[in-house]
Amino acid sequence: MRPGDHAFVSYDDDEVRWEVLTAFVRLGLARGEKVILFPDPWLPEAEVLARLDFTGRSTVTARERGQLVLSSMRGLIRPDARFTPERQLGRLSAETARAADEGFTGLRTFIDMRWVPDLNADVRVMMHRETHADALFEGRPYSEICAYDRRWFAREVLYAMDRAHPRSLVERLGTLRTVRGADGSLCFVGEADTGARADFTVALELALSGSAGARRLTVDLTRLHFLSVGCATTLLTLAGRATGHDLVEVRCHRPQARTLHRLGAGTVRRLLMTEVVRPC
């Protein structure tokens, strides 16, 4: 997550939801950003703080100096009682400016979307906000994760929101997710480690099979945090066997390209390596 990112994540397990939240908070504090949390409104504040400070009291100093703030959607839109996108976006924009005035490098927020049933807000109005919030992010030091409890939202709402957000996160750290593009491309998200090699292999085999008619496939590795030697070897092996394809393009960052070249990428005739510069 970087300034300007607007991300979707979903969960259906009360324990799982803490992983992304705590990682997001700790990274923001380490980067000198201000962090405002809008947790599940039915959770006691003491439980949220206990989860953040598990194994220590790591956020006490940040809370004392105003770098970490626990809030609520009711508090954000106050004195208004009814949610409107204009009110929420205006307040978040003001909070971003305030964070800069306070000397922080930016603002990041984590918003648990269970505020929607808590405020009895219109889901369609909320969805409109999610798809019309670009001005809040573009060129500004603001990032946001919107967390949806899958037990509270309809499947079609979750699907639409996943597609609408520029970023879509894995719900647990250390997991692998695959995303198929409308053009048949395959994108891997998360960590392609030894434990995920079987899933990595199946996803790649299915993508190659499904793209045989087009005779080309694009495999995007740029959203991986880790690529194991085993998964890299699998990619090269399957690309080498893809005789029904004229081209298998692999989009990757420099460290991934270095790994693939060391494993023999240059000997796979139909393989095209496209190195993508990682954003600063």
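Author: About 260 Å³ of space lies in the second largest pocket. The model is a predicted one, in which local features need pLDDT of at least 70, side-chain atom pairs count only at pLDDT 80 or more, and totals for chains, interfaces and linings use all residues. Residues are numbered from 1 along each chain as its sequence is written, and side-chain values use heavy atoms, with hydrogens and water left out.

Reader: Which elements give two or more residues to the lining of the second largest pocket?

Author: A pocket is an open set of points on a 1 Å grid over the protein atoms alone, with protein on both sides within 12 Å along at least five of seven lines, and lining residues have an atom within 4 Å of a point. Grid points are joined across faces, edges and corners, and a volume is the space filled by probe spheres set on the points. Helices (H or I, at least four residues) and strands (E, at least two) are DSSP runs, numbered from the N terminus. The lining includes Tyr-159, Arg-167 and Thr-178, and the elements asked for are helix 9 (155–164), strand 6 and strand 7 (176–180).

Reader: How many charged residues are in the lining of the second largest pocket?

Author: Ala, Val, Leu, Ile, Met, Phe, Trp, Tyr, Cys and Pro count as nonpolar, Asp, Glu, Lys and Arg as charged, and the others, Gly among them, as polar. By these classes, the lining has 3 nonpolar and 3 polar residues, and the charged ones number 5.

Reader: Which element supplies the largest share of the lining of the largest pocket?

Author: The largest pocket has a volume of about 830 Å³. Among the residues closest to its centre are Met-1, Leu-169 and His-225. The largest share of the lining, 5 residues, comes from strand 9.

Reader: Which element gives the most to the lining of the largest cavity?

Author: A cavity is a set of grid points where a 1.4 Å probe fits but cannot get out. The largest cavity holds about 70 Å³ of space, and Trp-18 and Phe-110 are among the residues that line it. The most, 3 residues, is given by helix 1.

Reader: Is Pro-117 buried, partly exposed or exposed?

Author: Pro-117 lies in helix 6 (residues 115–118). Buried means under 20% relative accessible area, exposed over 50%, and partly exposed in between (1.4 Å probe, protein chains only). Because its relative accessible area is 31%, Pro-117 is partly exposed.
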